[in-house]
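The following exercises concern a single protein model and are to be worked with the coordinates at hand. Each task is followed by a stepwise solution.

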Amino acid sequence: MKVTVSRKAHFNAAHRLYRKDWSDEQNETQFGKCANPHYHGHNYELIVHVTGPIDPETGYVLDMKVLKDLIKTEVEDKMDHKNLNEEVVEFSNLIPTAENIAVVIYNWLQPHLDPSHQLSITLYETPRNFVSYSG
Ligand code: NI
């Protein structure tokens, strides 16, 4: 029997969607306003899902306090109020789309989880646009 527990988190960050090897015109055609050279911000909403067996001793899949602290140290502290292109090394050569941000978050969190746990990331870039990644 497996159960999924989920924790919501939040961070604000700025980004620019562009390829360094494209001209400004190409970038604007592909990425529109998101290619703005002066960057722009989003209020990202993150949902971290962990699926696993219930520990018969505690009744938990995972202590939510542990998950909360993990999200803070591994995600919020690295992303919140940052310019993702300039300040987060993972995006020095990776376009910080919601898709790529979700994969980066997954890769930060996954090594800290028990092997019996399946991780899934849902990331909202706007209230209507969101992506999911489960490895
Ligand atoms: Ni954007």
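**Exercise 1: A histidine and its surroundings**

The side chain of His15 reaches the backbone oxygen of Pro96 at 2.8 Å; a polar contact is a pair of N or O atoms within 3.5 Å, where within protein one must be able to donate a hydrogen and the other to accept it, and residues adjacent in sequence count only if both atoms are side-chain atoms. The model is predicted: local features need pLDDT of at least 70, side-chain atom pairs count only at pLDDT 80 or more, and totals for chains, interfaces and linings use all residues. Residues are numbered from 1 along each chain as its sequence is written, and side-chain values use heavy atoms, with hydrogens and water left out.

Task: determine in which strand His15 lies, and whether His15 is buried or exposed.

Solution.
1. His15 belongs to strand S1, residues 2-15; strands (E, at least two residues) and helices (H or I, at least four) are DSSP runs, numbered from the N terminus.
2. The relative accessible area of His15 is 0%, so this residue is buried. Buried means under 20% relative accessible area, exposed over 50%, and partly exposed in between (1.4 Å probe, protein chains only).
3. Beyond neighbours within four places in sequence, the contacts of His15 include Tyr39, Tyr44, Leu84 and Glu125, where contact means heavy atoms within 4.5 Å.

**Exercise 2: The nickel site**

Task: state which protein atoms are donors of the nickel ion and what spacing the donors follow along the chain.

Solution.
1. Donors are N, O and S atoms within 2.8 Å of the metal (3.2 Å for Na, K and Ca); water is not among the atoms, so sites may look incomplete.
2. The protein donors are NE2 of His15, NE2 of His40 and NE2 of His42, lying 2.1 Å from the nickel ion.
3. Along the chain, the donors of the nickel ion show the spacing H-x24-H-x1-H. Because His15 lies in strand S1 and His42 in strand S2 (residues 40-53), the pair ties together parts that are 27 residues apart in sequence.
4. His42 counts as buried, at 13% relative accessibility.

**Exercise 3: Salt bridges**

Task: state how many salt bridges the count comes to, then examine the pairs Lys65 with Asp69 and Lys78 with Glu74.

Solution.
1. A salt bridge is a side-chain nitrogen of Lys or Arg within 4 Å of a carboxyl oxygen of Asp or Glu. By this rule the count is 5 salt bridges.
2. Lys65 and Asp69 form a salt bridge at 2.8 Å, N to O. The two residues are 4 residues apart in helix H2, and are therefore separated by about one helical turn.
3. Lys78 and Glu74 form a salt bridge at 3.1 Å, N to O. Lys78 is partly exposed at 29% relative accessibility, whereas Glu74 is buried at 15%.
4. Another salt bridge joins Arg19 and Asp21 at 2.9 Å, N to O. Arg19 is partly exposed, at 36%, and Asp21 is exposed, at 55%.

**Exercise 4: The whole chain**

Task: give the order of the elements in the protein chain, from the N terminus on, and the share of buried residues.

Solution.
1. The protein chain has 4 helices and 5 strands, in the order β-α-β-α-β-α-α-β-β.
2. Of the 135 residues in the protein chain, 39% are buried.
3. The C-alpha trace spans about 60 × 25 × 25 Å along its principal axes.
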